[in-house]
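This briefing concerns one metal site and a set of charged side-chain contacts. Please look over the sequence and the structure before reading on.

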Amino acid sequence: MDLYEHQARELFAEHGIAVPRAEVTDSPKEAREIARRLGGRAVVKAQVKTGGRGKAGGVGLAADPAAAELTARRILGMDINGHTVRTVMLAQPVDIESEFYVSYVLDRGAGCFLAIASAEGGTEIEEVAARRPDAVTRIPIDPAQGVTPAKAGEIVAAAGLPSQAVDVLVRLWRVLVREDALLVEVNPLARTPQDRLIALDGKVTLDDNASFRQARWGGTAAGPDDPLEAAAAAKGLHYVKLDGEVGVIGNGAGLVMSTLDVVAGCGARPADFLDIGGGASAGVMADGLALVLSDPAVKSVLVNIFGGITACDAVAEGIVRALDTVRLTKPLVVRLDGNNAARGRAILDEHPHPLVEQATTMDSAARRAARLATAA
Ligand code: GDP
Ligand code: MN
């Protein structure tokens, strides 16, 4: 789970890393009050779990409280990389002499953590990394040793960071370990004209496997960030949002994954993975169908069932029941095979719908759904 910048900032502060004074709000009027409390000037920053906010216009410098209100009004509601801005953070502006980049990230391949650091931090870090890879230092961290002051000194020397960064790097490692993070990133770590280092932006990704001992993020921050995935989790559905246009529903993770491949093989892209499970009831089918249909990216839906424990007639009844409650606006292709397939197909035939059609094989069903999605 990713944290918001303001949550990362809070963790940094708790571990003794310098951060600017800041407050969060969802109201432009309150933004004006906050700017006043911060001394008048404020940096207004979109709180969205995606990078590149600066480049997208989601970070603005306001010269006085009235400007802070206007800037907050402009940024609230903005769309940044598909994320709607619901809150802004107002921070006391910091004079920047230079910007550095520091992070620790889990390197699953190497089975260790990686310290990544650069003396050329800021919004152009991706370009710097792509054009001049040697401007970005990568040093493996043995998780059993961690980042000692000596290790931090090694990172600082290799990346050409100022010596004060040793302390920041040691503390940032503590954030990673104590908070069960898989990624901690500061960009920019800003040097002020007074030679202080301040973390001006933070990203923290927590390890969901440790969420049981990070209760403070439970409730509000825990769980999926995607609204459809959150709705699915609330209904107990095994759903993953993907970026295509063919909605996919099946029973059994293996079958659903195969279905994704077959859809891709037909030249279309799956919009989701939804496994209604081995013993799925009609109600689960109805919930799943409603969820997939609510995704605006979905152009057609493919229901691929191989009846085992889940009998096809129960699935067919679920589809019929779903069509009573959900208005079908997209074509639905159903393939029923296995346990009670004949009965299931008959149930669908007894309840004809202009947008529902059946196919007898997985291949023909996927081809049809792909064609309907690309024609739409
Ligand atoms: P990002 O674009 O999502 O990474 O958002 P950041 O929080 O990193 O802000 C983008 C850029 O805005 C930073 O790299 C800084 O150059 C600038 N910025 C952010 N806060 C301040 C500040 O307090 N003072 C100044 N002068 N610039 C800031
Ligand atoms: Mn940044």
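The model is predicted, so local features need pLDDT of at least 70 and side-chain atom pairs count only at pLDDT 80 or more, while totals for chains, interfaces and linings use all residues. Residues are numbered from 1 along each chain as its sequence is written, chains are lettered from A and ligands numbered from 1 in the order in which they are written, and side-chain values use heavy atoms, with hydrogens and water left out.

**Manganese site**

- Asn187 (O) and Asp201 (OD) coordinate the manganese ion (ligand 2) at 2.2 to 2.3 Å; donors are N, O and S atoms within 2.8 Å of the metal (3.2 Å for Na, K and Ca), and water is not among the atoms, so sites may look incomplete.
- These two residues are 14 apart and link distant parts of the chain: Asn187 is in strand β10 (residues 181-191), and Asp201 is in the loop between β11 (197-199) and β12 (202-206).
- Helices (H or I, at least four residues) and strands (E, at least two) are DSSP runs, numbered from the N terminus.
- Asn187 has 11% relative accessibility and counts as buried (buried is under 20% relative accessible area, exposed over 50%, partly exposed in between, with a 1.4 Å probe and protein chains only).

**Salt bridges: count and network**

- There are 23 salt bridges in the structure, each a side-chain nitrogen of Lys or Arg within 4 Å of a carboxyl oxygen of Asp or Glu.
- A network of salt bridges links Glu5, Lys45, Arg53 and Asp201; Asp201 is also a ligand of the manganese ion.

**Salt bridges: individual pairs**

- Glu14 pairs with Arg216, with 3.0 Å between the closest N and O atoms.
- That pair links distant parts of the chain, 202 residues apart: Glu14 is in helix α1 (residues 5-14), and Arg216 is in the loop between β12 and α7 (227-234).
- Glu14 is partly exposed at 47%, as is Arg216 at 39%.
- Arg171 and Asp167 form a salt bridge whose closest N and O atoms are 3.0 Å apart.
- Both Arg171 and Asp167 belong to helix α6 (residues 165-178), four residues apart, or about one turn of the helix.
- Arg171 is partly exposed at 24%, and Asp167 is partly exposed at 40%.
- Arg368 and Glu357 form a salt bridge with the closest N and O atoms 2.6 Å apart.
- Arg368 lies in helix α12 (residues 362-375) and Glu357 in strand β18 (residues 356-359), so this pair ties together parts eleven residues apart in sequence.
- Arg368 is partly exposed at 32% relative accessibility, and Glu357 is partly exposed at 26%.
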